Amino acid sequence: MRTVPASLILSLSLSMSLAACGDDDASPARDGGPVDAGALDAAPDASATPGELARDFCGPLADFVCTSAADCGCGAMVPGGALDHAACVTRWSAKCVGAWQPFITAGAQLSAGAASACLETLRARTLPCARPDGAIMFAVCAPFAIEPVGLDDACATPYCAGGSGACVSGTCVPRGEVGATCGDMFSCATGLACNGGVCTALLDAAATCAADLDCAPPLRCTGGACRALGIAGASCTDASECAIGLTCTASACAAPSTSACASSTDCGNRSECGGARSCLPRLSAGAVCVQDGDCQASLYCDDTSKLCIARPTVGVACGRGVLCDVGLGCDTAGDCAALPTSGQPCAMGELGPSLCADGLGCIDGTCGALPAEGAPCALDNRCAAGLGCDFSPAGSLCIVPRTEGGYCESDRSCAAGFHCGPGSCTADLPTGSPCSVGNECAGVCGLGPSGGLECRDAPAEGDPCLFSDECPAALTCATPTLSCLPEICREL
(Lines give C-alpha, C1' and ligand atoms only; values in the text may rest on other atoms or scores of the structure.)
Protein backbone atom coordinates (compact mmCIF):
# COMPACT_ATOMS: atom_id res chain seq x y z
CA MET A 1 0.00 0.00 0.00
CA ARG A 2 1.21 3.52 -0.78
CA THR A 3 1.68 5.87 2.14
CA VAL A 4 -0.22 8.70 0.46
CA PRO A 5 -3.97 8.62 1.31
CA ALA A 6 -6.21 7.57 -1.58
CA SER A 7 -8.41 10.63 -1.04
CA LEU A 8 -5.41 12.90 -1.56
CA ILE A 9 -4.38 11.06 -4.72
CA LEU A 10 -7.90 11.44 -6.10
CA SER A 11 -7.94 15.15 -5.25
CA LEU A 12 -4.58 15.58 -6.94
CA SER A 13 -5.70 13.75 -10.04
CA LEU A 14 -8.90 15.75 -10.38
CA SER A 15 -7.20 19.07 -9.68
CA MET A 16 -4.20 18.59 -11.91
CA SER A 17 -5.72 16.81 -14.91
CA LEU A 18 -6.37 20.13 -16.58
CA ALA A 19 -6.98 21.01 -20.22
CA ALA A 20 -6.99 24.21 -22.22
CA CYS A 21 -7.70 25.73 -25.62
CA GLY A 22 -7.16 28.81 -27.71
CA ASP A 23 -3.37 28.82 -27.16
CA ASP A 24 -1.04 30.50 -29.63
CA ASP A 25 1.26 27.47 -29.64
CA ALA A 26 1.09 26.03 -33.14
CA SER A 27 3.26 22.96 -32.51
CA PRO A 28 2.49 19.82 -34.57
CA ALA A 29 1.15 18.07 -31.47
CA ARG A 30 -1.44 20.79 -30.87
CA ASP A 31 -2.49 20.51 -34.47
CA GLY A 32 -3.15 16.79 -33.95
CA GLY A 33 0.00 15.37 -35.55
CA PRO A 34 1.71 12.16 -34.44
CA VAL A 35 3.44 12.02 -31.09
CA ASP A 36 7.19 11.42 -31.03
CA ALA A 37 7.83 8.91 -28.25
CA GLY A 38 11.39 10.20 -28.02
CA ALA A 39 10.12 13.66 -27.14
CA LEU A 40 8.84 12.58 -23.72
CA ASP A 41 10.15 14.77 -20.92
CA ALA A 42 13.48 13.67 -19.55
CA ALA A 43 13.82 12.88 -15.86
CA PRO A 44 14.53 16.06 -13.88
CA ASP A 45 18.02 16.82 -12.66
CA ALA A 46 18.24 16.10 -8.94
CA SER A 47 20.22 19.33 -8.53
CA ALA A 48 17.49 21.43 -10.19
CA THR A 49 16.69 24.78 -8.62
CA PRO A 50 14.09 24.36 -5.85
CA GLY A 51 10.76 25.79 -6.91
CA GLU A 52 7.86 27.51 -5.24
CA LEU A 53 4.52 25.77 -5.72
CA ALA A 54 2.29 28.80 -6.29
CA ARG A 55 4.85 30.81 -8.28
CA ASP A 56 6.38 28.12 -10.47
CA PHE A 57 3.50 25.76 -11.09
CA CYS A 58 0.03 26.50 -9.75
CA GLY A 59 -0.13 30.18 -10.76
CA PRO A 60 1.01 29.64 -14.38
CA LEU A 61 -1.20 26.55 -14.68
CA ALA A 62 -4.25 28.47 -13.45
CA ASP A 63 -3.54 31.31 -15.89
CA PHE A 64 -3.29 28.79 -18.73
CA VAL A 65 -6.57 27.08 -17.82
CA CYS A 66 -8.58 30.27 -17.27
CA THR A 67 -7.26 31.97 -20.41
CA SER A 68 -8.06 28.89 -22.46
CA ALA A 69 -11.56 28.54 -21.00
CA ALA A 70 -12.31 32.17 -21.83
CA ASP A 71 -10.94 31.79 -25.38
CA CYS A 72 -13.16 28.74 -25.88
CA GLY A 73 -16.34 30.65 -25.02
CA CYS A 74 -16.95 29.25 -21.55
CA GLY A 75 -17.97 32.71 -20.36
CA ALA A 76 -21.42 31.89 -21.77
CA MET A 77 -21.92 29.71 -18.69
CA VAL A 78 -21.41 32.40 -16.05
CA PRO A 79 -23.45 35.45 -15.00
CA GLY A 80 -22.77 38.38 -17.30
CA GLY A 81 -21.42 36.17 -20.07
CA ALA A 82 -17.71 36.90 -19.42
CA LEU A 83 -15.28 34.92 -17.30
CA ASP A 84 -13.56 36.96 -14.57
CA HIS A 85 -9.97 36.03 -15.37
CA ALA A 86 -8.34 37.27 -12.16
CA ALA A 87 -10.93 35.55 -9.94
CA CYS A 88 -10.67 32.35 -11.99
CA VAL A 89 -6.88 32.31 -11.64
CA THR A 90 -7.09 32.88 -7.89
CA ARG A 91 -9.60 30.04 -7.48
CA TRP A 92 -7.77 27.53 -9.70
CA SER A 93 -4.38 28.34 -8.18
CA ALA A 94 -5.74 27.77 -4.67
CA LYS A 95 -7.22 24.44 -5.81
CA CYS A 96 -3.87 23.40 -7.27
CA VAL A 97 -1.91 24.39 -4.16
CA GLY A 98 -4.39 22.54 -1.97
CA ALA A 99 -3.81 19.36 -3.98
CA TRP A 100 0.01 19.49 -4.14
CA GLN A 101 0.97 21.15 -0.85
CA PRO A 102 0.54 17.98 1.28
CA PHE A 103 3.30 16.34 -0.77
CA ILE A 104 5.61 19.33 -0.26
CA THR A 105 4.81 19.37 3.46
CA ALA A 106 5.60 15.64 3.66
CA GLY A 107 9.08 16.18 2.19
CA ALA A 108 8.85 16.40 -1.60
CA GLN A 109 10.85 19.17 -3.27
CA LEU A 110 9.53 21.02 -6.30
CA SER A 111 11.89 21.47 -9.26
CA ALA A 112 11.12 24.80 -10.93
CA GLY A 113 12.61 23.62 -14.23
CA ALA A 114 10.73 20.32 -14.30
CA ALA A 115 7.47 22.02 -13.35
CA SER A 116 7.94 24.53 -16.15
CA ALA A 117 8.73 21.73 -18.62
CA CYS A 118 5.53 19.94 -17.65
CA LEU A 119 3.49 23.10 -18.16
CA GLU A 120 4.97 23.42 -21.66
CA THR A 121 4.08 19.80 -22.32
CA LEU A 122 0.51 20.44 -21.20
CA ARG A 123 0.25 23.37 -23.60
CA ALA A 124 1.73 21.42 -26.49
CA ARG A 125 -0.22 18.20 -26.04
CA THR A 126 -3.67 19.47 -25.07
CA LEU A 127 -6.18 19.73 -27.89
CA PRO A 128 -7.89 23.08 -28.37
CA CYS A 129 -10.95 23.33 -26.11
CA ALA A 130 -10.35 19.81 -24.77
CA ARG A 131 -11.33 18.49 -21.38
CA PRO A 132 -8.44 17.68 -18.99
CA ASP A 133 -6.29 14.68 -19.88
CA GLY A 134 -4.62 13.07 -16.88
CA ALA A 135 -2.28 11.09 -19.14
CA ILE A 136 -0.37 14.29 -19.93
CA MET A 137 0.36 15.12 -16.30
CA PHE A 138 1.11 11.65 -14.98
CA ALA A 139 2.32 9.59 -17.97
CA VAL A 140 3.96 12.09 -20.33
CA CYS A 141 5.44 14.61 -17.86
CA ALA A 142 8.46 13.62 -15.80
CA PRO A 143 7.94 14.04 -12.04
CA PHE A 144 8.60 17.51 -10.69
CA ALA A 145 7.76 17.08 -6.97
CA ILE A 146 10.20 14.49 -5.68
CA GLU A 147 11.24 13.40 -2.20
CA PRO A 148 15.08 13.51 -1.88
CA VAL A 149 15.59 9.87 -0.84
CA GLY A 150 17.13 6.97 -2.75
CA LEU A 151 15.94 3.53 -3.76
CA ASP A 152 15.25 1.23 -0.79
CA ASP A 153 15.06 4.25 1.56
CA ALA A 154 11.99 5.10 3.64
CA CYS A 155 9.67 7.56 1.89
CA ALA A 156 6.39 9.41 2.43
CA THR A 157 5.47 11.00 -0.94
CA PRO A 158 4.73 9.40 -4.34
CA TYR A 159 8.02 10.10 -6.18
CA CYS A 160 11.58 9.47 -4.98
CA ALA A 161 15.08 8.60 -6.25
CA GLY A 162 15.24 11.63 -8.55
CA GLY A 163 11.92 10.64 -10.13
CA SER A 164 12.92 7.08 -11.06
CA GLY A 165 11.34 5.68 -7.92
CA ALA A 166 7.85 5.39 -6.48
CA CYS A 167 6.96 5.13 -2.80
CA VAL A 168 5.28 1.78 -2.10
CA SER A 169 4.43 0.72 1.47
CA GLY A 170 6.80 3.38 2.79
CA THR A 171 9.82 2.25 0.72
CA CYS A 172 11.25 3.81 -2.44
CA VAL A 173 11.21 1.21 -5.25
CA PRO A 174 11.86 1.51 -9.02
CA ARG A 175 8.88 2.70 -11.05
CA GLY A 176 7.38 -0.03 -13.23
CA GLU A 177 8.43 -0.75 -16.80
CA VAL A 178 6.13 -2.06 -19.55
CA GLY A 179 4.09 -5.01 -18.27
CA ALA A 180 4.68 -4.33 -14.58
CA THR A 181 1.76 -4.43 -12.19
CA CYS A 182 0.68 -0.98 -11.01
CA GLY A 183 -1.70 0.35 -8.41
CA ASP A 184 -1.97 4.03 -9.27
CA MET A 185 -0.88 6.81 -11.61
CA PHE A 186 2.53 7.23 -9.90
CA SER A 187 3.67 3.61 -10.24
CA CYS A 188 4.84 3.48 -13.85
CA ALA A 189 7.96 4.93 -15.46
CA THR A 190 7.69 8.20 -17.39
CA GLY A 191 6.09 7.53 -20.77
CA LEU A 192 3.87 4.74 -19.42
CA ALA A 193 0.31 4.80 -18.09
CA CYS A 194 -1.23 2.58 -15.43
CA ASN A 195 -4.00 1.09 -17.54
CA GLY A 196 -6.07 -1.75 -16.12
CA GLY A 197 -3.50 -2.41 -13.40
CA VAL A 198 -0.59 -2.82 -15.86
CA CYS A 199 2.09 -0.32 -16.94
CA THR A 200 1.38 0.25 -20.63
CA ALA A 201 3.04 2.34 -23.33
CA LEU A 202 0.89 5.08 -24.80
CA LEU A 203 -0.05 4.16 -28.35
CA ASP A 204 0.95 6.01 -31.52
CA ALA A 205 -1.27 6.95 -34.45
CA ALA A 206 -3.18 4.08 -36.14
CA ALA A 207 -2.63 1.68 -33.22
CA THR A 208 -5.67 -0.32 -32.12
CA CYS A 209 -7.30 1.11 -28.98
CA ALA A 210 -10.33 0.76 -26.75
CA ALA A 211 -10.38 4.18 -25.04
CA ASP A 212 -8.69 7.60 -25.18
CA LEU A 213 -6.46 6.58 -22.25
CA ASP A 214 -4.72 4.06 -24.54
CA CYS A 215 -3.47 6.77 -26.91
CA ALA A 216 -0.57 9.19 -26.58
CA PRO A 217 -2.03 12.71 -26.19
CA PRO A 218 -3.28 14.52 -28.17
CA LEU A 219 -4.40 11.44 -30.15
CA ARG A 220 -7.91 10.16 -29.39
CA CYS A 221 -9.38 6.68 -29.76
CA THR A 222 -11.78 6.99 -32.70
CA GLY A 223 -13.29 4.05 -34.53
CA GLY A 224 -11.04 1.63 -32.63
CA ALA A 225 -7.76 3.35 -33.56
CA CYS A 226 -5.62 6.18 -32.16
CA ARG A 227 -6.10 9.15 -34.47
CA ALA A 228 -5.59 12.89 -34.62
CA LEU A 229 -8.94 14.65 -34.68
CA GLY A 230 -9.57 16.25 -38.06
CA ILE A 231 -9.33 20.01 -38.58
CA ALA A 232 -11.86 21.94 -40.67
CA GLY A 233 -11.88 20.51 -44.19
CA ALA A 234 -10.52 17.10 -43.21
CA SER A 235 -12.44 14.12 -44.58
CA CYS A 236 -14.71 12.27 -42.15
CA THR A 237 -17.52 9.78 -41.86
CA ASP A 238 -18.66 10.83 -38.37
CA ALA A 239 -18.37 13.92 -36.16
CA SER A 240 -16.32 11.93 -33.61
CA GLU A 241 -13.43 12.05 -36.09
CA CYS A 242 -13.38 15.86 -36.09
CA ALA A 243 -11.79 18.41 -33.80
CA ILE A 244 -13.74 19.52 -30.75
CA GLY A 245 -16.68 21.68 -31.78
CA LEU A 246 -16.71 20.56 -35.44
CA THR A 247 -19.34 18.47 -37.19
CA CYS A 248 -19.03 16.09 -40.12
CA THR A 249 -20.93 17.71 -43.00
CA ALA A 250 -20.83 16.37 -46.56
CA SER A 251 -17.94 14.06 -45.54
CA ALA A 252 -15.81 16.95 -44.29
CA CYS A 253 -15.16 18.41 -40.82
CA ALA A 254 -16.80 21.81 -40.51
CA ALA A 255 -18.04 24.27 -37.91
CA PRO A 256 -21.77 24.18 -37.07
CA SER A 257 -23.80 26.73 -39.00
CA THR A 258 -24.53 28.64 -35.79
CA SER A 259 -23.38 28.64 -32.17
CA ALA A 260 -27.02 28.70 -31.01
CA CYS A 261 -28.55 25.34 -30.23
CA ALA A 262 -31.73 23.66 -29.00
CA SER A 263 -30.00 20.48 -27.81
CA SER A 264 -26.52 18.94 -27.82
CA THR A 265 -27.31 17.16 -31.09
CA ASP A 266 -26.97 20.59 -32.75
CA CYS A 267 -23.37 20.92 -31.56
CA GLY A 268 -20.06 19.59 -32.83
CA ASN A 269 -17.85 16.80 -31.49
CA ARG A 270 -17.39 16.70 -27.69
CA SER A 271 -19.53 19.82 -27.23
CA GLU A 272 -22.78 20.33 -25.37
CA CYS A 273 -25.68 22.75 -25.53
CA GLY A 274 -25.79 24.98 -22.46
CA GLY A 275 -25.48 28.43 -21.01
CA ALA A 276 -26.03 30.59 -17.97
CA ARG A 277 -29.38 30.05 -16.23
CA SER A 278 -31.53 32.81 -14.78
CA CYS A 279 -34.85 33.22 -12.96
CA LEU A 280 -37.50 33.67 -15.64
CA PRO A 281 -41.33 33.77 -15.58
CA ARG A 282 -42.94 30.33 -15.58
CA LEU A 283 -44.57 29.24 -18.81
CA SER A 284 -48.24 29.75 -19.64
CA ALA A 285 -50.74 27.15 -20.88
CA GLY A 286 -49.76 25.51 -24.17
CA ALA A 287 -46.04 26.29 -23.88
CA VAL A 288 -43.50 23.52 -24.45
CA CYS A 289 -42.06 22.29 -21.13
CA VAL A 290 -39.68 19.72 -19.67
CA GLN A 291 -40.87 19.48 -16.05
CA ASP A 292 -43.75 20.72 -13.88
CA GLY A 293 -41.63 23.52 -12.43
CA ASP A 294 -41.37 25.12 -15.88
CA CYS A 295 -45.11 25.89 -15.84
CA GLN A 296 -47.15 28.42 -13.88
CA ALA A 297 -48.36 27.23 -10.46
CA SER A 298 -51.87 26.36 -11.75
CA LEU A 299 -50.39 24.26 -14.58
CA TYR A 300 -48.23 21.17 -14.94
CA CYS A 301 -46.18 19.58 -17.73
CA ASP A 302 -48.19 16.88 -19.47
CA ASP A 303 -46.23 13.64 -19.78
CA THR A 304 -47.41 12.94 -23.32
CA SER A 305 -47.63 16.29 -25.08
CA LYS A 306 -44.86 18.02 -23.08
CA LEU A 307 -47.05 21.11 -22.95
CA CYS A 308 -48.15 23.10 -19.89
CA ILE A 309 -51.77 22.18 -19.12
CA ALA A 310 -54.22 23.11 -16.32
CA ARG A 311 -54.07 21.25 -13.02
CA PRO A 312 -57.35 19.47 -12.15
CA THR A 313 -59.96 21.42 -10.13
CA VAL A 314 -62.55 20.35 -7.50
CA GLY A 315 -64.28 17.05 -8.38
CA VAL A 316 -61.88 16.17 -11.19
CA ALA A 317 -59.58 13.15 -10.99
CA CYS A 318 -56.11 14.05 -9.70
CA GLY A 319 -53.37 14.39 -12.31
CA ARG A 320 -50.87 11.51 -12.00
CA GLY A 321 -52.83 10.51 -8.91
CA VAL A 322 -51.44 13.45 -6.86
CA LEU A 323 -51.73 16.73 -8.79
CA CYS A 324 -54.44 19.33 -8.14
CA ASP A 325 -54.87 23.08 -8.57
CA VAL A 326 -53.36 25.45 -6.02
CA GLY A 327 -55.09 25.17 -2.63
CA LEU A 328 -56.51 21.70 -3.33
CA GLY A 329 -55.49 18.17 -2.42
CA CYS A 330 -56.19 14.67 -3.66
CA ASP A 331 -58.83 12.96 -1.47
CA THR A 332 -59.22 9.27 -0.67
CA ALA A 333 -61.42 8.81 -3.77
CA GLY A 334 -58.63 10.15 -6.02
CA ASP A 335 -60.41 13.42 -6.83
CA CYS A 336 -59.29 16.99 -6.18
CA ALA A 337 -61.00 18.60 -3.17
CA ALA A 338 -60.59 21.43 -0.67
CA LEU A 339 -57.77 20.87 1.83
CA PRO A 340 -58.98 19.00 4.94
CA THR A 341 -59.56 20.78 8.25
CA SER A 342 -58.84 19.70 11.83
CA GLY A 343 -59.79 16.07 12.53
CA GLN A 344 -60.08 15.09 8.86
CA PRO A 345 -57.72 12.66 7.06
CA CYS A 346 -54.72 14.31 5.43
CA ALA A 347 -54.91 14.76 1.65
CA MET A 348 -52.44 13.41 -0.87
CA GLY A 349 -50.04 15.81 -2.57
CA GLU A 350 -46.85 15.65 -4.62
CA LEU A 351 -44.80 14.99 -1.46
CA GLY A 352 -47.13 12.36 -0.03
CA PRO A 353 -50.26 12.26 2.18
CA SER A 354 -49.36 15.39 4.17
CA LEU A 355 -51.72 18.16 2.98
CA CYS A 356 -53.96 20.08 5.40
CA ALA A 357 -55.64 23.49 5.47
CA ASP A 358 -53.47 26.52 6.34
CA GLY A 359 -52.08 26.50 9.88
CA LEU A 360 -52.56 22.76 10.36
CA GLY A 361 -50.20 19.81 10.10
CA CYS A 362 -50.59 16.12 9.32
CA ILE A 363 -50.06 14.02 12.47
CA ASP A 364 -50.63 10.26 12.34
CA GLY A 365 -52.66 10.68 9.16
CA THR A 366 -55.03 13.32 10.60
CA CYS A 367 -54.96 17.11 10.30
CA GLY A 368 -54.50 19.04 13.55
CA ALA A 369 -52.66 21.91 15.22
CA LEU A 370 -48.96 22.11 14.44
CA PRO A 371 -46.94 20.31 17.18
CA ALA A 372 -45.59 22.13 20.25
CA GLU A 373 -42.08 21.88 21.73
CA GLY A 374 -41.17 18.28 22.60
CA ALA A 375 -43.89 16.72 20.43
CA PRO A 376 -43.13 14.73 17.26
CA CYS A 377 -42.94 16.88 14.13
CA ALA A 378 -45.76 16.87 11.58
CA LEU A 379 -45.38 14.52 8.62
CA ASP A 380 -43.84 17.30 6.52
CA ASN A 381 -41.36 18.13 9.35
CA ARG A 382 -43.15 21.30 10.44
CA CYS A 383 -43.77 22.52 13.99
CA ALA A 384 -45.61 25.38 15.69
CA ALA A 385 -44.39 28.91 14.96
CA GLY A 386 -40.89 29.61 16.28
CA LEU A 387 -39.88 25.94 16.53
CA GLY A 388 -37.66 23.72 14.41
CA CYS A 389 -37.77 20.01 13.69
CA ASP A 390 -34.87 18.03 15.16
CA PHE A 391 -33.94 14.56 13.93
CA SER A 392 -32.47 11.97 16.28
CA PRO A 393 -32.35 8.17 16.63
CA ALA A 394 -35.53 8.45 18.69
CA GLY A 395 -37.37 10.18 15.84
CA SER A 396 -38.24 13.78 14.96
CA LEU A 397 -39.11 16.25 17.74
CA CYS A 398 -40.06 19.92 17.77
CA ILE A 399 -37.36 22.05 19.45
CA VAL A 400 -36.32 25.65 19.99
CA PRO A 401 -33.91 26.17 17.06
CA ARG A 402 -30.24 25.98 17.98
CA THR A 403 -27.51 28.53 17.26
CA GLU A 404 -23.71 28.36 16.83
CA GLY A 405 -22.32 24.96 17.84
CA GLY A 406 -25.68 23.35 18.58
CA TYR A 407 -26.06 19.75 17.47
CA CYS A 408 -28.03 19.21 14.26
CA GLU A 409 -28.96 16.63 11.68
CA SER A 410 -30.55 19.10 9.25
CA ASP A 411 -31.10 22.82 8.76
CA ARG A 412 -34.51 22.53 10.44
CA SER A 413 -32.73 22.17 13.80
CA CYS A 414 -30.94 25.52 13.39
CA ALA A 415 -32.15 29.08 13.97
CA ALA A 416 -32.49 31.67 11.21
CA GLY A 417 -29.04 32.74 10.00
CA PHE A 418 -27.52 29.32 10.69
CA HIS A 419 -27.22 26.05 8.78
CA CYS A 420 -26.26 22.51 9.68
CA GLY A 421 -22.59 22.50 8.92
CA PRO A 422 -22.59 19.34 9.19
CA GLY A 423 -23.11 18.07 12.72
CA SER A 424 -23.45 21.49 14.35
CA CYS A 425 -25.26 24.73 13.58
CA THR A 426 -22.92 27.18 11.83
CA ALA A 427 -23.44 30.82 10.83
CA ASP A 428 -24.46 31.28 7.19
CA LEU A 429 -21.74 32.55 4.84
CA PRO A 430 -21.98 36.09 3.43
CA THR A 431 -22.24 37.03 -0.24
CA GLY A 432 -19.01 36.40 -2.15
CA SER A 433 -17.82 33.49 -0.01
CA PRO A 434 -16.79 30.25 -1.78
CA CYS A 435 -19.42 27.53 -1.39
CA SER A 436 -20.47 24.10 -2.59
CA VAL A 437 -23.92 23.27 -3.95
CA GLY A 438 -25.55 23.24 -0.55
CA ASN A 439 -27.06 25.14 2.31
CA GLU A 440 -24.21 27.21 3.68
CA CYS A 441 -25.07 30.65 2.26
CA ALA A 442 -27.20 33.45 3.65
CA GLY A 443 -28.58 33.72 0.11
CA VAL A 444 -27.93 30.95 -2.42
CA CYS A 445 -24.88 29.04 -3.67
CA GLY A 446 -24.50 29.74 -7.38
CA LEU A 447 -22.05 30.30 -10.21
CA GLY A 448 -19.89 33.38 -9.85
CA PRO A 449 -18.06 35.27 -12.60
CA SER A 450 -14.93 33.13 -12.10
CA GLY A 451 -16.83 29.99 -13.07
CA GLY A 452 -16.73 28.68 -9.51
CA LEU A 453 -19.46 28.48 -6.89
CA GLU A 454 -19.92 31.38 -4.48
CA CYS A 455 -22.59 32.73 -2.15
CA ARG A 456 -24.93 35.16 -3.90
CA ASP A 457 -27.97 37.16 -2.84
CA ALA A 458 -31.29 35.38 -3.30
CA PRO A 459 -32.16 35.95 -6.97
CA ALA A 460 -34.97 38.05 -8.41
CA GLU A 461 -36.33 37.94 -11.96
CA GLY A 462 -33.45 37.95 -14.46
CA ASP A 463 -30.80 37.07 -11.86
CA PRO A 464 -28.56 34.00 -12.27
CA CYS A 465 -29.56 30.70 -10.67
CA LEU A 466 -28.69 27.02 -10.64
CA PHE A 467 -31.97 25.44 -9.50
CA SER A 468 -35.62 26.48 -9.67
CA ASP A 469 -36.14 26.39 -5.91
CA GLU A 470 -33.75 29.36 -5.62
CA CYS A 471 -36.14 31.56 -7.63
CA PRO A 472 -39.28 33.30 -6.33
CA ALA A 473 -42.45 31.21 -6.62
CA ALA A 474 -43.64 32.73 -9.90
CA LEU A 475 -40.29 32.11 -11.59
CA THR A 476 -38.30 29.11 -12.79
CA CYS A 477 -34.59 28.61 -13.40
CA ALA A 478 -34.05 28.38 -17.15
CA THR A 479 -31.49 29.08 -19.86
CA PRO A 480 -32.81 31.83 -22.12
CA THR A 481 -30.00 31.52 -24.68
CA LEU A 482 -28.34 28.19 -25.42
CA SER A 483 -24.91 27.96 -27.02
CA CYS A 484 -22.63 25.10 -28.07
CA LEU A 485 -19.95 24.80 -25.38
CA PRO A 486 -16.79 22.67 -25.76
CA GLU A 487 -15.85 20.01 -23.24
CA ILE A 488 -13.37 22.20 -21.32
CA CYS A 489 -16.32 24.20 -20.01
CA ARG A 490 -17.26 21.25 -17.80
CA GLU A 491 -14.18 22.07 -15.74
CA LEU A 492 -15.71 25.35 -14.61
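How many aromatic pairs does the structure hold? The count comes to 7 aromatic pairs. Bear in mind that this is a predicted model. A few notes on the rings follow.

1. Start with Phe57 and Phe144. Their ring centres sit 4.6 Å apart with 40° between the planes, which makes this a tilted aromatic pair. Phe57 belongs to helix α2 (residues 53-71), while Phe144 is in the loop between α5 (134-140) and β2 (145-146), so the contact ties together parts that are 87 residues apart in sequence. Phe57 and Phe144 are both buried.

2. Next, have a look at Trp100 and Phe103. Here the centres are 6.0 Å apart and the planes meet at 85°, so this pair is edge-to-face; the cut-off for that label is over 60 degrees. Trp100 and Phe103 both sit in helix α3 (residues 85-105), and because they are 3 residues apart, about one helical turn separates them.

3. Now for how the rings connect. Ring pairs link Phe57, Trp100, Phe103, Phe138, Phe144, Tyr159 and Phe186 into a cluster.

4. Arg123 lies over the face of Phe64, 5.3 Å from the ring centre.

Definitions and conventions
Residues numbered from 1 in each chain as written. Predicted model: local features only at pLDDT ≥ 70, side-chain atom pairs only at ≥ 80, totals over all residues. Heavy atoms only, no water. Phe/Tyr/Trp six-rings, centres within 6.5 Å; stacked < 30°, edge-to-face > 60°. Helix = DSSP H or I, 4+ residues; strand = E, 2+ residues; numbered from the N terminus. Buried < 20%, exposed > 50% of the residue type's maximum accessible area, 1.4 Å probe, protein only. Lys NZ or Arg CZ within 6 Å of the ring centre and 35° of its normal.
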